Every structure is written in structure tokens, then in C-alpha cells.
Amino acid sequence: MCGIVGYIGTQAATEILLSGLEKLEYRGYDSAGVATVWEGDVHCVRAKGKLHNLRSKLEQLATQSQIGIGHTRWATHGKPEEHNAHPHLDTARRIAVVQNGIIENYRELREELKQKGYEFRSETDTEVIPNLIAELSKNADSFLEAVRQAVSHLQGGFAIAAISADYPDELIVVRQQAPLVIGFGQGEFFCASDTPAIVAHTRAVLPLENGEIARLTPLGVEIYNFAGDRLKKQPRLLNLSPTMVEKQGFKHFMLKEIYEQPGVVRASLEAYFNTEVNSGESFQSPVKLGLPEQFYADLEQIHIVACGTSWHAALIGKYLLEQLAGISTQVHYASEYRYAPSPPTANTLIIGVTQSGETADTLAALAMEKERRQGKEAKYQARLLGITNRPESSLGHLVPHIINTLAGIEIGVAATKTFVAQLMAFYALAIDLAYHRQTVAPDKLADIIQGLRQIPKEIEATLESQEKLTEHLAHEFAETQDFIFLGRGINFPIALEGALKLKEISYIHAEGYPAGEMKHGPIALLDAKVPVVAIAFPGTVYEKVISNAQEAKARDSRLIGVTPVSDGEAGEIFNDLLPVSSVDELLSPILTVVPLQLLAYHIAARRGLDVDQPRNLAKSVTVE
């Protein structure tokens, strides 16, 4: 889940590498480093901590090298110390390598290389790679061939970029189950773990596929498979601009992305739903997901695999799919499902939800399902769907059907707008299935869609009313140690998401519970020091949530209510209100999550924490 960037061309490489790493710091920020080739030697500079530490050290080393690799790290093997930072060099300091992923057999390789006289200066798995390349270079006729042979010895998932002092005009990059993209400029070429790192320089990109290796030189790009066969591939143009990865006047990316949510919902409405919604006998399919007819045939159950915030979105998706489309749906942690999967059954849809499209556990779970449901020996055929913000990702290559959530680049590690975008994808899918299965009357579906069309302006109203209110509450809760979030029905996952947002960026212990479960244990935690946030939205469970909230208030907890503006009784029950607009309960999660995002943001900001880059976290979890 680390960030890789590489450059070869006509400009000085160091500043290009640093600016690229700044755009990738959301992928890891335990340490960082840069290696360049200059005057026959590899020059490597590394620093512990945030990228500004590396920049300070590089100011003391001025080179005009036009080739280099950089890395920002999220630690897996070895503590986040400078000696474990990338790039890593071989013993002779002639080869430099950066890597994302995990080399599973590094211990065996390390021992073999030690016996041949190679020295190791770190505790990382990555350091075996430059030494292995150096060993194989003794009999290889090119740098590319040495890297290709080295890759054949590696087990696990990885992305690699390598340079050599003996080949000063070559940058070799490799992909195997970890994302890596090549950028094409005018007489210059780039590589990166993600496109924000290179969008300031080029929009022409080529994502590498698993099992591919590329040679970048000032003259062009050559791509091969691991067998050494030359491949013909064409770059494509990104629909991105450099301004999309800037803060645009906001203090943090997270706050900017919270405010982008009305636009995200509008983009979803335009993409997923037909412009005209008819009712009565002339009612036509209101949703345009581009799924084939056989996708809907005889569908009996759905399994969803996801992690983190995507898992919370999937829980709301389960509610929608069961209540609207009438399909039994189970939601699984992908990390658990891949080791204890449900028995294969007929007419089952498997959905993987991952904002990056690169989440290792989710991809592994889907790959397992694909493998055991295809071929002549498979009793039941695979029916796979992905929901992601990055359709060009590994997920897009793994499954045949994708719902693109259209949220745009999200830099803040704590997901906000991508969560709302995933909810919109589930609304579209549930309505589409309800239409095909005829489980909801056409007039009712038309009403739901009309309600969705009002959501963007309701989010805008919530943002306008909540900004100062949540900022004020943050002053009072900045020193709080524990929070409890309660919800029921379709808003129970919002309680989980609100708790996750708070703990992710403020480091305050927070837990979400179904409100009805409070008295079955968690109520023992409550006292005047533990505030309780209750999502109380008029509908099927409103009175129940109010009753559960009053149980918390009776234990001296300060009670905060997320409830409609029109709820006149709420002021008598709650100590503090975070009011939202009145909408149908079915649509309420898209609104109720917004004040919880703002509350978490302002508490973290008030505590002086790094909101966009919380400790120990990374945006894309591409390792197990």
C-alpha cells in the first residue's frame, strides 16, 4: 500500500519525484526516500516520518540526474525507521529498488543471498530484491533480463521500480498484484502507484497488468510478460486534471471532499438514472447500469465482500437489496470470507466493494469465488460484480461487471465522498433489481428516485447549517476519551461509520451499536464522561431509538441527536442536536452521515491532528 513514483526524461528528476510523492503520501507516510543515478553512481537519500523530512535532507544534495525512483512507505516488514525506508540498495550500492506489496519468501531468499556474501542493512522484505538482481546480473545480458529473472524467484504480490548505475538510461518496472501505472510525456516517462502522482505532467497513461514488466528509456517504453515476450499496448487518456488533487482553498482534503458530496450524488444521478421517470403503465426501467439480461435471471441470493467503510456501505446495500428487491443478502468481511467462504450455491451474485479497486482481501475473496465457480468442474457458475471508484483498477480486470461510483480522486485517508458514492451505487442496483423482479410498484420506485434527486440540495443545506455547529461542539469534545454511536435499521451502519470516522482521525475510542443492543452490555460503559450520538430518524424504528437514547440519558450521558429539523420533540430529549433535512427514511443515510463526518473532522482538527494522514493508516490497503 506504499507509494511508488519513477521518472526518466530530460528534466531534473528529484523535484518531479518529490512532487509525485506528495500526491501519494495518502498511501503511506512512515518514511520516504529517493534514489537517482548521477555520474556513474546511485545516490540514495531517505528519511523517517513525513515527506518534509526527506525534502529537507535533499536540499543538501543537488544533482541534475534525469532518472530516479521514489517511495513513501506504510510499514509492513520492519519498523518505520530510516534504515528500513525505501529505496533499498544492493550490497555494492549499484542497484536501487522500491517496492509495494509483500515478498512472502524473502526469508529463504535472504539466507541464500547471505551465503553468497550479500549484506543486509534492514529488516524489510524488499532488500532481497536489489541483491537478487545483482546476483542474477552476473550472467544476464541486460538489466531487464536480470530483473525478469529475479521476479521469477519472488512469491507474493508486489509492484517494483528499479534503476542501476550500470544502466543509467533505463528504468525497469514490474507489476504482480499491486497497482502500477506508466505515464507518457514528451520525451519523458513516468511510473507511479496511482495516477495523482503524474497527472500534473501527463494524462496519457498505461496501467500495467499482472505479470507484466516494462523498460522505460528516453526513447520509449517496452512492455513484456514475465516469459519475456514483447507485448503491444496502447496508452489511454485520463479524465483528470491537476486541480482535482489540490485542496482548492480548504484547510484539509477531507473537508474539501465532504463538501464535494452534493456533486458526487448529482454525478451518480446523471450516470445511473434515466432523465425521465415515468409512472403507471408506461413505466420503463429507471436505471442504466449496463448489465446484461442474464445478470438478473433467476437470481436468488447475494453475497457482498468488503472492508472498512466499504463494509458499512455494503450493510446499507443489504438493507436496500432485501427491502426493495426482496433478495436475501449477506455481507462479509473480505478478510474473513477468503478463509471461511460460504458454500457455493446456484443463482448467487457475488459483489466486491472497494473504493480503490485494489484492496487485497476483497480482490482475493473475489478471485477465490471466480476460481471455484468457473470451468467444467464447477457446479455453479460465477456471477460477479464490482463497485469501485477506479474501474481501471485490478477489480476492473477481475470481474466482468463494474459499477463506477464516479466520486473522483479522494486524497483524505478517511473515506467520505466515496462512501456516499457507494451508497448511490447500491440505491441504483437495488432499484434496478426491484424493477426487474417487480417487487416494488412502479409509482413507488418513481417516488424513491424523485426523492434521490432532492438529496444534493439537502446535503448542501446540511453542510451550511452544520459547519459552525459541529465546529462549536468540537471545542467541548476535544478531550473526550470515549464515544458511543447508536442507530437502528438502515441507520445502524451510519452509527458504525460515524464511530469509525471519529476513531480514524481523532484517535478517540468510539464504538457503534444497534440501539436496541445498548442494554445488553454496552450500557455498562455509560456515565457523564461518555457522550452518546443517536441517529433518530422518523420511520419504522424512530420511537425505539428515542427510547434507547433516553436509557443512555438516564445514565448521565450527554446525548447528541442526528434528527430532522422538523422534529419538534427532539429538543426536549437531546442535549445537543445535529439537525438534517426531512426525507424518506429509506434515503436518510446519505444525509445522516454528513454531520458525523463534520463532527469527526472538527474534533480531529481541534486536537491539532493530521486529518488527512492519520497515524498507522493508508488509503489503499493492498497487502493482507
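Q: In which loop is the place of asparagine 347?
A: Asparagine 347 lies in the loop between helix H9 (334-337) and strand S18 (348-353). Helices (H or I, at least four residues) and strands (E, at least two) are DSSP runs, numbered from the N terminus. This is a predicted model, in which local features need pLDDT of at least 70 and side-chain atom pairs count only at pLDDT 80 or more, while totals for chains, interfaces and linings use all residues. Residues are numbered from 1 along each chain as its sequence is written, and side-chain values use heavy atoms, with hydrogens and water left out.

Q: What is phi of asparagine 347, and which peptide bond is cis?
A: Most residues other than glycine have a negative phi, and most peptide bonds are trans. Asparagine 347, a residue other than glycine, has a positive phi, near 55 degrees. The bond that joins histidine 86 and proline 87 is cis, with omega about 0 degrees. Proline 87 is found in the loop between strand S4 (67-73) and strand S5 (88-89).

Q: At what angle do helix H1 and helix H2 pack?
A: Axes are lines fitted to C-alpha atoms, for helices over the stretch in contact, and angles run from 0 to 180 degrees between N-to-C directions. Angles under 35 degrees count as roughly parallel, over 145 as roughly antiparallel, 65 to 115 as roughly perpendicular and the rest as oblique. Helix H1 (residues 13-24) packs with helix H2 (residues 51-58) at about 170 degrees, their axes 11 Å apart; H1 and H2 are therefore roughly antiparallel to each other.

Q: Which residues of H1 and H2 meet?
A: Contact means heavy atoms within 4.5 Å. From H1, Thr14, Glu15, Leu18, Ser19, Leu21 and Glu22 meet Leu51, Leu54, Arg55 and Leu58 of H2. By class, this contact of H1 with H2 has five nonpolar, two polar and three charged residues. Here Ala, Val, Leu, Ile, Met, Phe, Trp, Tyr, Cys and Pro count as nonpolar, Asp, Glu, Lys and Arg as charged, and the others, Gly among them, as polar.

Q: How do H12 and H17 pack?
A: Helix H12 (residues 417-437) and helix H17 (residues 589-606) have axes 10 Å apart and an angle of about 170 degrees, so they are roughly antiparallel to each other. Phe419, Val420, Leu423, Met424 and Tyr427 of H12 meet Pro589, Ile590 and Val593 of H17. This contact of H12 with H17 has eight nonpolar, no polar and no charged residues.

Q: How are H4 and H5 oriented to each other?
A: Helix H4 (residues 128-137) and helix H5 (residues 143-151) pack at about 120 degrees, with axes 8 Å apart, and are therefore oblique to each other. Their contact is made by residues including Leu132 and Leu136 of H4 and Phe143 and Val147 of H5.
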